[in-house]
Amino acid sequence: DGEVHINELKNGNTEMFWNPTSEVRRQRLKRHIVLFEEQTDFESERLWQHVTSAINKGDQHKATQEKFVLEEEQRNAARERRESGTEWKPLLFQLDAGTNEWCYKYEDLRPWDPLNDIAQFEKDGILQTMERHLSTRMSNHKATCINNQITRHKRSAKDCRRRKTSDQPSNHSQNTESSCSTPESVQELSDDDGKYLGFESLCTQCGKEMNHLKEIHSAVLSLQKAQQDIHR
């Protein structure tokens with residue numbers, strides 16, 4: 001967000017390459033970092049703090065020493081794992097067999113949706129996107145909950161019919177009705193259908209996420225109204 005110049009060594013001329021306007025500075029992305037005291041021992045800022053401090057002080061010799069200490073510790077740890085046969089299992093990265101490169105497990109390469117995506121944040125090393133509307137992930141989770149309830153209902157109905165058949169004394173009882181039934185079609189099932197069929201309510205996670213998204217949506221609408229008032 002500062003000026004960048006090109007210095008021509010042959011003739012000593014200086015040319016302005018980049019001079020960001022106040023509008024550009026205002027639109028820059030805000031950097032959010034975890035507080036230093038909340039970082040774990042292997043997070044970059046804490047792990048390389050002594051090297052960074054030496055570089056900031058201009059002490060190249062000290063920075064090189066601190067860098068050597070860190071790298072030697074890493075080599076020793078790798079050597080111990082190799083000797084003990086311990087497999088290294090990264091938490092956030094996986095090896096791509098095609099390119100033989102390490103890739104972040106949770107990368108989200110879909111285009112940013114300004115109408116639905118509110119903010120991207122990191123929690124426990126995992127990048128996540130806060131969305132304005134019901135996400136596909138939650139829709140899939142909801143569908144899984146309903147399918148599980150349908151399966152349990154079918155199993156219960158089958159057991160009920162089996163018990164009813166075994167309890168019948170003879171074939172003369174033609175008008176005996178089953179005490180439970182199963183729906184003929186469950187391909188399209190709404191929330192109201194689920195209640196009608198006697199299914200349990202959706203799981204606690206679905207309910208919490210629904211309430212959370214409603215609160216966010218309400219807050220966004222309030223902000224939009226305030227912006228409209230300001231423009232007027």
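**Figure 1. Glutamate 66 and the residues it touches.** Setting aside residues up to four places away in sequence, glutamate 66 touches His50 and Val51, where contact means heavy atoms within 4.5 Å. Glutamate 66 is found in helix H4; helices (H or I, at least four residues) and strands (E, at least two) are DSSP runs, numbered from the N terminus. Is glutamate 66 buried or exposed? Glutamate 66 counts as buried because its relative accessibility is 18%; buried means under 20% relative accessible area, exposed over 50%, and partly exposed in between (1.4 Å probe, protein chains only). A quick note for every view: this is a predicted model, where local features need pLDDT of at least 70, side-chain atom pairs count only at pLDDT 80 or more, and totals for chains, interfaces and linings use all residues. Residues are numbered from 1 along each chain as its sequence is written, and side-chain values use heavy atoms, with hydrogens and water left out.

**Figure 2. The whole protein, before we zoom in again.** The secondary structure comes to seven helices and six strands. If you walk along the sequence, the pattern goes β-β-α-α-α-α-β-β-β-β-α-α-α. Buried residues make up 12% of the 232 residues. Take the contacts between residues at least 6 apart in sequence: 32% of them join residues at least 24 apart.

**Figure 3. The largest pocket and its lining.** The largest pocket has a volume of about 1100 Å³. Which residues are the closest to its centre? Of the 25 residues that line this pocket, they are Thr40, Phe42, Glu43, Trp88 and Leu92. The elements that give two or more residues to the lining are helix H2 (44-47) and helix H4 (60-84), and H4 gives the most, with six residues. On a 1 Å grid over the protein atoms alone, a pocket is an open set of points where a 1.4 Å probe fits, with protein on both sides within 12 Å along at least five of seven lines, and lining residues have an atom within 4 Å of a point.

**Figure 4. Tryptophan 88, in a loop.** Tryptophan 88 is found in the loop between H4 and S3. Tryptophan 88 is exposed, because its relative accessible area is 55%. The C-alpha atoms of tryptophan 88 and alanine 78 are separated by 8.7 Å, with the two residues ten apart along the chain.

**Figure 5. Glutamate 131 and its partners.** Glutamate 131 is found in strand S6 (residues 126-131). With a relative accessibility of 15%, glutamate 131 counts as buried. Its side chain joins that of arginine 110 through a polar contact of 3.3 Å; such a contact is a pair of N or O atoms within 3.5 Å, where, within protein, one must be able to donate a hydrogen and the other to accept it, and residues adjacent in sequence count only if both atoms are side-chain atoms. Leaving out neighbours within four places in sequence, glutamate 131 is in contact with Arg110, Asn116, Asp117, Ile118 and Leu213.

**Figure 6. Arginine 26, in helix H1.** Arginine 26 sits in helix H1 (residues 22-27), and its side chain makes a polar contact of 2.2 Å with the side chain of glutamate 23. Arginine 26 is exposed, with a relative accessible area of 59%. From C-alpha to C-alpha, arginine 26 and aspartate 1 are 9.6 Å apart in space and 25 residues apart in sequence.

Technical notes: Grid points are joined across faces, edges and corners, and a volume is the space filled by probe spheres set on the points.
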